[in-house]
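Open the model in your viewer and keep the selection tool handy. We will go from the whole chain down to single residues, stop by stop.

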Amino acid sequence: MKKASYRILRLKERRKQKKLEQHNESQLSKAVQEETHIFDTEAKNVEFIKNILKECSDLVVRTFVIDVPKDLKSSVVYLDEMVQKDINHNFIIRPLMKYSDKRESVNDLYDEVYNHLVQAGEVKEIEDMKSALDAILSGDTVVFLDNFRKALVVGTKGWTTRSVCEPHAESVVRGPREGMSETVVCSLSMIRHRLRDPFLRVKYFTKGKRTKTTVALLYIEGVCDEEVVKEAEKRIQDIQIDGILESGYVEEFIVDQMWTPFPLIQNTERPDSVVAHLLEGQFAILVDGSPYALIAPAVFSQFYYSSEDYYERYLIATFLRFIRLLSLFIALLLPSLYIAFVSFHPEMVPSKLLIAMAAGRATVPSSPILEALSMEISVEILREASIRLPSPIGPTIGIVGGLVIGQAAVQAGLISPAFVIVVGLTTISSYANPSYSAAISVRLLRFPMMMFAAAFGLYGIMIAMMLIILHLVQLRSFGVPYMSPFAPLNLKALKDTLIRVPWPWMKKRPEIYKVNDVVRQGGGEK
Amino acid sequence: MNQQQLTDGTRYSITVYQAFTIVVSTIYGVGVLSLPRDVAEVSGNDMSWIIIVSGIFVGIIIALLTALCMRFPGQTIVQFAPEILGSRRSHWLGRFLTIIVLLIIALYLVSGISMSVRIFGEAMVNAVLVNTPIEAVILVLLISVAIAAGSEFGIVAKYNELLMLLNFFPLVIEIFAFIQRGESTNLLPLLQMNTSQLPKAMLSGAFAYSGYSVLLMFSGFYKQPMKAWKAHLFAIGTIIVLYWIKCVGTLSIFGKDELVRVMYPVLETGKVIRLHAMLFERLESAILSIWLVLVFTSVLNLYACTVQMVIEFFRLKGRYRRWIAFAFAPVLYVMAMAPENMGEVGKYAERVGIFGFLTDCLPILLLVIAILRRKKGEMPREISSSR
């Protein structure tokens, strides 16, 4: 009974919603439906566009007369800030205005305009008002002519962009210093520049009902698994949202599993890294407005890989990987180990160290877990504050933060000196991780870990580890097990995991991502 | 929102290496803690060869079980037992006998889990967490294993695979202790045992290897069922070596007379190490914590088998797996807490060991019947087409 009434209520609500939507539609975009054909006079067209884009002061409409026997009115429509004005002035408006031919019949004029007058590379013919509007809004220029029920769209996109600069979140000592920028075209140029493969596929999707953001799917045909590409396409197409401002939006829509602290899709702002992943058989997604490319299928190894590993000599790269893996464990475990040793297993600590630690803790008022939690949380606050703070007053944070977690706190007897070392080491270790989003998930997992340690000591830590590993084993990213190549074990792919063998030994692609074209070296240059 | 995941598309996902790790980590569980004492009580100094001989004996049983599994590739015991025992005329008889067989195996699995958990909990409380109530320790372990057992077999297999190397980690510490403190005079003299005691000694050795009946369930999921030989025999070989090192090592450190008095000989080896350059002293907490991994995987495999048995027997859908796993947890907890003290736990454990050994022999009977009745399963199309 209750259920039925609830259902009716919901039905009513839905009807209301639908009405509202219809109302909106009629107000805003009734005219923007695809059926509206371009009108036969220029004036009507301009009127139509002005009607929709009313109160848009940046809309530029230049109307002029082309000098043919029967004076033909024409107009050029564009948004002021979105176009390259040089092209508009010199190669569209000027030739059209200067043109003068008394013999020409009106009917041939359209071809003349298309073939000779509009001097630009990317020219398209359109027949409906919707595409004209889309073109104007994305920075192209539309040319309307009297007497013709079609219009020309000239590619003149040219908004202001940031210049190419070094990627801040993933800097390397040796390796390219270019980072991708906010426009897909620009990022794509950097990728194409490095990967001149005719089999590189770039598929554009327009996503976001209002933002109409370009989302590009990149993969190398024949290397990337087709099933995975199909699945990715499907998931991108299923996105229904009004706006996409960053690749993070897309990431959360296409990810396999939401309930996980681990990043199942990798991100990078390095074009060389994108190319490397494409070559290994993964696909990349670029989103207009974000310098971060998404890379999937991702595996756990992103927690300790850096693109530099492949540029530096193999021995050093292997050493660095071990260091990063060690730091991963320190970041995850050190505070909880401290808690476990202090509260449960003092017998394991050598006696001299134990005496020193006990002396340090003598004045500390709180239990180890409270001490640890308060310190770790204040470090997190410090980290967050230092990111948000404008750079001129940035150093302040360093000084104040140093006071909070440093000498002053120890002297006041609030924290034991040993734990200050633990906190410092943990924080430094968590930033030895090359990927920010991976590092942050480890920082997050530290807290439940500390709880387990406070409850059961080393036993609790191991139980928590077992559960984390179980979760890792269960995860999949686009069908690829997250822990591969360790589980399921793939001996060949182990060449590039904990260690990195020299390039000449990696004759084949790692078979983690079900690649099609396995051979990487030899077989002749193509 | 969970996206529909791309899967391997087949239930036959367990690789040969995963099969190897499953068998190793199931057998190599909590019993190892007291293994040298249990064997030494009966066989004394002769344990250094008894353990190998009884291992080979168990290896033969495993080979027979493997033969049974390979007769019905891609099927678990729940599926092939009715086929072996039943006939077209008396359908109910086969079902009835199957229920009995399965019940015995399930009873063994459940009691095995609860005893393992209890023994580990006792060891933990005695050695490390002195002030923690054993109920809490057992409950935490059982809940986390139940969470893990609620996942599919493919994931359990991957889990075993990933944690395989940790099985060998305590070995490093132990070998170090043997080198430092072991004395070869403790190992001799050999052949002091009466021949009348030999069968008893062999059995006490064989109990230590129990747990391999899980392969009756897991083998239904193998990717290459015809390579099961390799995996299983390598596994038992590995375990014989591991056990031998442990037995000989502890014997050389403690000597026969002291060994039978030590509660957990393998754990004690952690205490005898003396190293001045080491950051940590008294490693038994660390050893016991790493031991948790072995107990966890071993119990998990038994647990997952029990859950899978229920699911297959009642033909339930996979999504109930998690709830069945949780439903077992209270039963296991009560069973684990049933013995009142450590002495009783020992008695129960011994009974479970004997019971387990008999249970593991039950499938051999099935094999004999299958051969006599010429019953044989067919290779599922998915497996044969994938190769």
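**Stop 1**

Select chain A and colour by burial: buried residues make up 35% of its 526 residues. Here a residue is buried if 20 or more other C-beta atoms lie within 10 Å of its own, exposed if 12 or fewer, and partly exposed in between, with C-beta atoms placed from the backbone. Before going further, note that this is a predicted model, in which local features need pLDDT of at least 70, side-chain atom pairs count only at pLDDT 80 or more, and totals for chains, interfaces and linings use all residues. Residues are numbered from 1 along each chain as its sequence is written, while chains are lettered from A and ligands numbered from 1 in the order in which they are written.

Now switch to a C-alpha trace. Along its principal axes chain A spans about 105 × 70 × 60 Å. Its radius of gyration is 31 Å, whereas a compact globule of 526 residues would have one near 24 Å; the radius is taken over C-alpha atoms, and the globule rule is 2.2 Å times the number of residues to the power 0.38.

A cartoon view shows 16 helices and 12 strands in chain A. These are DSSP runs numbered from the N terminus, helices being H or I of at least four residues and strands E of at least two. Of the contacts in chain A between residues at least 6 apart in sequence, 66% join residues at least 24 apart; two residues are in contact if their C-beta atoms, placed from the backbone, lie within 7 Å.

**Stop 1: the domains**

**Stop 2: the cores**

Which residues have the most contacts inside the largest nonpolar core? Select Ala284(A), Tyr459(A), Ile461(A), Val23(B), Val145(B) and Tyr303(B), in a core of 205 residues. A nonpolar core is a set of buried Ala, Val, Leu, Ile, Met, Phe, Trp, Tyr and Cys residues joined through C-beta atoms within 7 Å. Helix 16 (residues 436–474) of chain A gives the most to this core, with 20 residues. Domain 2 (184–298) and domain 3 (310–481) of chain A both contribute residues, so the core lies between them.

Apart from it lies another core, of 25 residues, including Ile38(A), Leu109(A), Ala151(A) and Val154(A).

Setting aside residues up to four places away in sequence, Val145(B) touches Phe296(B), Val299(B), Leu300(B) and Tyr303(B).

**Stop 4**

An unreviewed UniProt entry places the feature "transmembrane region" at residues 322–344, 408–428 and 449–473 of chain A. UniProt positions are in the numbering used here, feature names are shortened, and annotations may be inferred rather than shown by experiment. Residues 408–428 of chain A are 76% helix and 0% strand, with end C-alpha atoms 20 Å apart. Residues 449–473 of chain A are 100% helix and 0% strand, and their end C-alpha atoms lie 18 Å apart.

Next, pick Ala464(A), in helix 16 of chain A. Is Ala464(A) buried or exposed? Ala464(A) counts as buried because it has 23 C-beta neighbours inside 10 Å. Leaving aside neighbours within four places in sequence, Ala464(A) contacts Pro448(A), Met449(A) and Phe452(A).

**Stop 3: where the chains meet**

Select the contact between the chains: 33 residues come from chain B and 32 residues from chain A. On the chain B side, helix 13 of chain B gives the most, with 6 residues.

**Stop 4: backbone details**

Zoom in on Ala296(A) and Pro297(A), joined by a cis peptide bond with omega about -10°. Pro297(A) sits in the loop between strand 10 (293–296) and helix 10 (314–343) of chain A. Another cis peptide bond runs from Ser484(A) to Pro485(A), with omega near 10°.

Finish at Glu55(A), a residue other than glycine with a positive phi, near 60°. Glu55(A) is in the loop between helix 2 (42–52) and strand 1 (59–66) of chain A, and is exposed, with 6 other C-beta atoms within 10 Å.

Definitions and conventions:
Domain bounds come from an automatic or database domain assignment.
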